[in-house]
Amino acid sequence: MRLAVTVGFDATFVVRVLSRLGFGERLYLLYGVTGGEGDRKSADVVKWVVDAVRAGVPVAVDLRDFAAGLRQVGELDFDAVALAGGPRLLVIAAFVVGVLKGARIYAAPEYGGEVVDISSLGALVRLASLSKARMRVLSAVDGVADYRDVARAVGVDSTTALRHLAELEELGLVKRVEGRSKFSVDPIVKVLAELYLQQRGA
């Protein structure tokens with residue numbers, strides 16, 4: 001794993017992430033440069049983490065020009081990103097680049113103990129291009145669902161439902177389970193599909 005971690009003023013979140021995910025073959029510690037007094041604090045936390053774990057490459061991301069900062073994060077070679085603190089713009093940049101790279105995405109909630117895998121949010125990009133018909137089929141998959149039940153729920157014939165589900169499977173939005181007729185969807189992806197449908201008035 002090649003891991004990028006966003007870093008702010010508190011090393012606790014970074015330590016939580018590293019204890020859960022490990023260091024992998026490469027570790028980037030991203031901290032924001034805003035031109036403010038917090039820059040030094042973040043740099044000190046990064047230095048402390050590098051000294052403590054004896055690993056990590058400090059990366060100062062210039063957030064005064066967000067496009068440049070986004071490009072800077074995009075040039076890093078990582079396949080997993082952990083959102084563990086830092087300025088909001090840094091977290092947004094790391095999240096966006098993580099989605100575009102198809103990286104695993106983790107978050108260290110400020111008030112929770114567990115690091116949360118939110119990689120399913122990467123489906124946002126694929127969902128945006130779906131037709132309403134496919135979005136309806138996707139949102140009708142509840143738990144593990146037979147394609148015939150999905151067809152009934154959506155009001156289409158079973159052949160159409162199966163065709164849509166096969167195309168959604170190719171996009172990585174549903175998984176075929178228990179033979180050829182049943183499908184499952186990640187709960188986050190299902191909610192995203194429902195939200196898209198609400199926004200489109202479907």
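**View 1. The contact between helices α3 and α4.** Phe66, Leu70, Val73 and Gly74 are the residues of α3 that meet α4, where their partners are Leu89, Ile92, Ala93, Ala94, Val96, Val97 and Lys101. Sorted by class, this contact of α3 with α4 comprises nine nonpolar residues, one polar residue and one charged residue. As in every view of this set, the coordinates come from a predicted model. Helix α3 spans residues 66-74 and helix α4 spans residues 88-101, and their axes come within 9 Å and cross at roughly 50°. An angle under 35 degrees would count as roughly parallel and one of 65 to 115 as roughly perpendicular, so α3 and α4 are oblique to each other. The crossing of these two helices, α3 and α4, is right-handed.

**View 2. Lysine charges placed over phenylalanine rings.** Lys101, which belongs to the α4 side of the contact with α3, has its charged end over the ring of Phe78, at 5.2 Å from the ring centre. A further lysine, Lys41, lies over the face of Phe9, with a distance of 5.1 Å from the centre of that ring. As for pairs between aromatic rings, the structure holds zero of them.

**View 3. The crossing of helices α6 and α7.** Helix α6 (residues 132-140) and helix α7 (residues 147-154) have axes that come within 9 Å and cross at roughly 120°. Because an angle of 65 to 115 degrees would be called roughly perpendicular and one over 145 roughly antiparallel, α6 and α7 are described as oblique to each other. The crossing in which α6 passes α7 is right-handed. Arg136, Val137 and Ala140 of α6 make the contact together with Val150, Ala153 and Val154 of α7, and by class the contact of α6 with α7 has five nonpolar residues, no polar residues and one charged residue.

**View 4. The crossing of helices α6 and α8.** The axes of α6 and helix α8, the latter covering residues 158-170, come within 10 Å and cross at roughly 85°, and the two helices, α6 and α8, are therefore roughly perpendicular to each other. On the α6 side, Ala133, Arg134, Val137 and Leu138 meet Ala161, His164, Leu165, Glu167 and Leu168 of α8. By class, this contact of α6 with α8 has six nonpolar residues, one polar residue and two charged residues. Val137 of α6 takes part in the contact with α7 and also in the contact with α8.

Methods:
Residues numbered from 1 in each chain as written. Predicted model: local features only at pLDDT ≥ 70, side-chain atom pairs only at ≥ 80, totals over all residues. Heavy atoms only, no water. Axes fitted to C-alpha atoms, helices over the stretch in contact; angles between N-to-C directions. Helix = DSSP H or I, 4+ residues; strand = E, 2+ residues; numbered from the N terminus. Left-handed = near helix turned anticlockwise from the far one by under 90°. Contact = heavy atoms within 4.5 Å. Nonpolar A, V, L, I, M, F, W, Y, C, P; charged D, E, K, R; others polar. Phe/Tyr/Trp six-rings, centres within 6.5 Å; stacked < 30°, edge-to-face > 60°. Lys NZ or Arg CZ within 6 Å of the ring centre and 35° of its normal.
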